[in-house]
Amino acid sequence: MMKFSRAHLLLLCTLLFQQLIAIPVHSAPPAGAAPATPFRETVCDTTIRDPYRYMEELRDPRVASWMKEQAAHARTVLNSINGREELISSMFEFDRRKQAKVYNLSITESNRYFYLKRLPDEETGKLYYRDGFSGKEHLLFDPAAYRPESGARFTVNRIAPSDDGSLVVVSVAADGSENAELRLIDVRSGKLLPDVIDRCRFASPSWLPDGSAFFYNRMQKGDLLSADIQKNSAIYLHRPGTDPQQDREIFSRATHPDLPLRPEDIPGLHVDRHSGYMFAFIHNVDPRLHVYYAPLSQLDSSRISWKPLLKPSDNVHDFEVTDRDIYIYTARNAPNFSVRKTSLASPDIENAETVIAEPDNGVLTSFALTSEGLYSTISLNGVQAELHRMNPDGSDRRRLHLPFPAGTIRLQSRGFSFSDAWVVIAGWTSDYKRYRYDAAQERFLDETLSSPAAYPEYDNLVIEEVMVPSHDGVQVPLSLIYQKGLERDGGNPLLMYGYGAYGNAITPFFSPGLLLWTHHGGVLAVAHVRGGGELGDAWHRAGMKTRKRNSWMDMIALAHYTVENGYTSPEHIAVNGASAGGILVGRAVTERPDLFAAVISRVGAMNPLRGETTPNGPVNIPEFGTVSDPEECRALIDMDPYLNLRYGVRYPAALITAGINDPRVIAWQPAKFAARLQAATTSQKPVLLSVDFQSGHGIGNARTQQFEQLADVLSFAFWQTGHRGFQPERP
């Protein structure tokens with residue numbers, strides 16, 4: 001038994017926050033401006049001028065050549081910034097403090113641990129396993145040695161072991177493309193089976209209880225740049241040792257035309273051995289689950305009869321099942337979420353029994369079932385986390401005292417048949433630690449798999465959590481992190497990070513590399529704007545589609561607060577966003593170019609009006625809207641940073657990045673924005689387009705890539721906010 005979460009899909013989401021994160025100088029000759037080509041069209045009664053529309057053909061030699069020229073120029077300028085190499089050196093030194101970093105842990109019902117582990121001299125994690133927490137470690141798979149003849153750099157992006165731990169599926173992708181292939185490993189022998197299944201970006205393998213086969217999602221054949229490449233993917237059943245071309249198609253638009261599967265939806269399928277059911281998901285970026293189910297016994301039937309279980313209007317974001325009941329995590333009539341229970345065989349979602357009520361203060365963020373209790377987490381303003389436990393019968397509900405104050409808690413269990421409950425906790429200045437809770441002794445046992453490390457550089461940091469009124473009076477959380485003794489004289493460099501999409505909350509995380517910003521005297525600010533999930537479901541909905549404007553207006557209000565309270569001033573503020581956060585920072589800067597010294601957008605969605613023409617665009621309609629709806633179309637135009645650039649304006653400096661293999665935000669979106677900004681601005685401040693031709697959205701980046709990209713962000717921001725130690729060398 002496991003939790004069924006939308007996180008099982010790798011859709012358009014934020015980058016790992018640990019990987020994230022102006023004074024003109026011409027230390028290198030400027031790259032050539034992109035030619036503007038007259039193009040206009042009418043979209044929802046609005047005339048759109050799109051002089052760089054031709055860039056949407058990435059294979060056009062002119063486009064490729066210009067992007068390479070821009071990348072070379074950006075690299076020259078960034079490499080010339082004094083202090084950048086020192087940042088990278090510090091990151092490597094921090095990395096060496098841990099003898100091993102362990103991540104992507106998966107624990108089977110047989111208590112076999114599978115995980116990725118990276119040593120300080122390695123660029124990416126290798127797959128290991130052990131029996132139990134204290135078992136002997138065995139190496140299973142090294143992606144650095146996989147297909148060396150290809151010349152590509154492979155990483156493992158998913159691990160899916162069978163229930164007994166005898167077989168494991170690894171999802172392997174090259175150069176950040178996420179266009180993964182599945183490989184099977186026999187754990188006892190440590191050998192790869194001959195099975196190779198390609199086109200598995202959304203695979204999410206799920207094993208049958210006896211380990212004889214697994215379900216997986218596979219995309220259709222075609223051009224990876226085609227707008228239709230993600231459409232009509234299907235769920236197949238694969239038996240180890242057989243030809244994948246003979247795999248049976250189980251769940252798709254073709255097998256079940258009567259179900260409301262749209263071409264752009266991503267089907268998923270999971271088996272739960274204890275309940276005896278198969279659960280079929282219709283996935284997109286809408287956090288509200290759409291699920292059908294059927295008894296596993298129907299698998300041998302010529303056609304499975306799926307029954308509806310959850311529909312989007314039920315507003316269920318997650319669920320767990322036992323052998324009899326379904327526990328739903330829902331925002332229906334509870335915008336800060338509750339947990340309810342109903343019969344699995346005959347569910348009555350509308351009248352489900354409340355097991356954990358909506359909190360009076362804070363947001364219920366997760367729950368986990370075990371044989372001895374029900375655990376849940378509550379977050380206050382997205383930055384203060386609490387852990388609660390109750391007995392299976394609902395009695396003795398109480399808050400548990402964590403080993404140290406946590407901003408983030410991640411729950412893990414093996415389900416209602418096992419007593420194990422683990423928490424991973426962290427804070428802005430507290431490294432991640434993993435604990436098992438011993439309910440009998442009422443104590444937490446340290447079972448951290450990564451090696452410990454100390455970071456005394458950050459012992460004297462100050463953390464401020466404040467609420468700031470936005471443009472409409474709504475109070476917005478802001479996290480401020482800086483060195484003790486900082487003077488509020490308005491002269492401090494300030495780096496503000498934000499995201500504001502999909503209901504994803506930026507909860508406190510520990511990143512020694514990112515905290516180097518504070519080590520060099522800067523203020524790190526995290527903007528918990530609307531569109532995220534920090535204040536519950538309503539907070540998300542207040543920053544999506546036609547309400548998206550709230551997101552960047554919140555960021556503007558937070559920036560004003562830091563100026564008015566002396567932390568910084570406009571000439572010292574840099575804003576940083578990634579992926580969907582490109583909309584946030586792009587529109588904040590186009591709305592108020594006078595308020596910021598620099599904007600940094602990493603693989604950002606900078607031209608959302610054209611999103612539906614990209615491979616990953618249609619699946620994102622539930623979050624941003626569609627051009628086919630006039631009101632949503634106008635909102636797309638309003639949220640589009642590229643379209644809202646105005647010629648003759650003094651815009652801040654900009655560092656815009658793109659990954660040529662990015663399947664989430666196609667590379668021409670950042671490229672078009674950079675080209676138009678270069679032509680529009682009159683400030684003479686640098687506008688750099690940094691294109692990585694060996695990566696994608698950041699998923700699967702090697703260690704050195706992560707450090708270098710973060711150093712680019714920090715050094716560029718320090719340069720443009722006036723830090724004396726980060727000025728470029730002059731020729």
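Analyst: Leaving out residues up to four places away in sequence, Leu 478 touches Glu 464, Glu 465, Val 466, Val 468, Met 496, Ala 525, Val 526, Ala 527, His 528, Leu 558, Tyr 561 and Thr 562, where contact means heavy atoms within 4.5 Å. The model is predicted, so local features are taken only at pLDDT of at least 70 and side-chain atom pairs only at pLDDT 80 or more, while totals for chains, interfaces and linings use all residues. Residues are numbered from 1 along each chain as its sequence is written, and side-chain values use heavy atoms, with hydrogens and water left out.

Leu 478 belongs to the largest nonpolar core, which has 122 residues. Such a core is a set of buried Ala, Val, Leu, Ile, Met, Phe, Trp, Tyr and Cys residues joined through side-chain atoms within 4.5 Å. Buried means under 20% relative accessible area, exposed means over 50%, and partly exposed lies in between, for a 1.4 Å probe and protein chains only. With Leu 478, the residues that have the most contacts inside this core are Met 55, Met 496, Met 555, Val 575, Leu 714 and Phe 716. Helix α10 (residues 703-720) provides the largest share of the core, nine residues. Helices (H or I, at least four residues) and strands (E, at least two) are DSSP runs numbered from the N terminus. Apart from this core lies another, of 19 residues, including Leu 208, Phe 215, Leu 237 and Leu 269. In soluble globular proteins, nonpolar side chains tend to be buried together.

The structure holds one disulfide, a disulfide being a pair of cysteine sulfur atoms within 2.5 Å. It joins Cys 44 to Cys 633, with an S to S distance of 2.3 Å. The link is left-handed, with -75 degrees about the S-S bond. Because Cys 44 lies in the loop between β2 and β3 and Cys 633 in helix α8, the pair ties together parts that are 589 residues apart in sequence. Both partners are buried: Cys 44 has a relative accessible area of 17%, and Cys 633 has 0%.

Charged pairs form a further set of links. A salt bridge is a side-chain nitrogen of Lys or Arg within 4 Å of a carboxyl oxygen of Asp or Glu, and by this rule the count comes to 55. In one of them, the closest N and O atoms of Arg 288 and Asp 286 are 2.8 Å apart; Arg 288 is partly exposed at 25%, whereas Asp 286 is buried at 16%. Lys 311 pairs with Asp 314 in a salt bridge at 3.2 Å between the closest N and O atoms; here Lys 311 is partly exposed at 44% and Asp 314 is buried at 4%. A further salt bridge places the closest N and O atoms of Glu 442 and Arg 398 3.0 Å apart. Glu 442 lies in the loop between β30 (433-438) and β31 (443-446) and Arg 398 in strand β27 (residues 398-400), so this pair ties together parts that are 44 residues apart in sequence. Glu 442 is exposed at 51%, and Arg 398 is partly exposed at 27%. Shared partners also join Glu 41, Asp 50, Arg 53, Glu 56, Arg 610 and Lys 672 into one network of salt bridges.

Two further buried positions complete the account. Ile 304, in the loop between β18 (291-295) and β19 (307-310), is buried at 1%. Beyond residues up to four places away in sequence, Ile 304 touches Ile 250, His 256, Met 278, Ala 294, Gln 298 and Leu 299. Ser 376, in strand β25 (residues 374-380), is buried at 0%. With neighbours within four places in sequence set aside, its contacts include Ile 356, Phe 367, His 388, Arg 397 and Leu 411.
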